[in-house]
Amino acid sequence: MKYYIIIPTFNEEKFISLTLQSLVEQTVLPSKVVVVNDGSTDKTEEIIKSFVEKHAFISLVNKNSEAIHLPGSKVIHAFNKGLETVDDNYDFIVKADADLIFPPNYFETIINHFQSDSSIGMVGGFAYIEKNGEWILENLTDKDHIRGAFKAYRKACFEEIGGLKPAMGWDTVDELLCKFYNWKFVTDSSLQVKHLKPTGANYNQAARFKQGEAFYSLGYGFWITAIASLKLALLKKKPFLFFDYLQGFWKAKSAKKPLLVTSEQAKFIKKYRIHKIKEKIRIF
């Protein structure tokens, strides 16, 4: 299968070479890797160019946007800029971060999953972070959620869900829309991706409010948002984040911000979330 990778990047001079090196060492190489340099002020562009000179399938796109790193919007605007530069002659497309090390068989294994079942729309592995000299699972989400740092989409699925939404919550809405359109998504625990920079390391309070806004934009409603906020705050071991998330939800609700989904999709999402909560309650 033919696949393209798009990597939004901003000031990643410490890690981008490790990410690109892990891609050129894949057992099945990508047909295209587009690195979108979004206004970096360090040596990121210089490092990318060194790979472009050696590998014909790697290209550089420069973009300039606001330097403020709010989760969701900046990275997906950069992704979409990269998407504009490629054709649609691919079997699946990958959104990847610039601070990862992929195992050599990562995309060969992704291909095997896609080929095993034509109804699989998304595939991904798991993120591992270094702690006390060991690589441990970055346990921030359910095991059936594919991290936004490395998502692979079958072309038909990617097109049906309408691509990626430039807002916080994009990496949840895509999976919920997969469910809505009857696509499957697969997580493979054998694929351990080294995540070199902890999630949210550079986020300020405004960014944390965005998480609550994201829950609102998915049509969760208050009670589902409260449960999701508490769970995420506890997973991050920062219980006071719960209040930031709720404040973000109420800010978005008061401003009557538009949802990322249609009213029909919002009803489906709410019903699905309630079902998942009931399942977990039964387990305990």
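Predicted model: local features only at pLDDT ≥ 70, side-chain atom pairs only at ≥ 80, totals over all residues.
Residues are numbered from 1 along each chain as its sequence is written, and side-chain values use heavy atoms, with hydrogens and water left out.

Helices (H or I, at least four residues) and strands (E, at least two) are DSSP runs, numbered from the N terminus. Gln-26 is found in the loop between α1 (16-24) and β2 (32-38), and it is buried, at a relative accessible area of 5%; buried means under 20%, exposed over 50% and partly exposed in between, for a 1.4 Å probe and protein chains only. When residues up to four places away in sequence are not counted, Gln-26 touches Tyr-3, Phe-102, Pro-103, Pro-104, Asn-105, Tyr-106 and Phe-107, where contact means heavy atoms within 4.5 Å. A polar atom of the Gln-26 side chain lies 3.1 Å from the backbone nitrogen of Phe-107.

Asn-64, in the loop between β3 (58-63) and α3 (73-83), is exposed, with a relative accessible area of 72%. Apart from its neighbours within four places in sequence, Asn-64 is in contact with Asp-38 and Gly-39; Asp-38 is 26 residues from Asn-64 in sequence, yet their C-alpha atoms are 5.3 Å apart in space.

In α3, the buried residues are Lys-74, Val-75, Ile-76, Ala-78, Phe-79 and Gly-82. The elements that cover these residues include β1 (3-9), β2, β3, β4 (92-96), α5 (155-160) and α6 (170-180).

Terms used. Polar contact = N/O pair within 3.5 Å; in protein donor to acceptor, adjacent residues only side chain to side chain.
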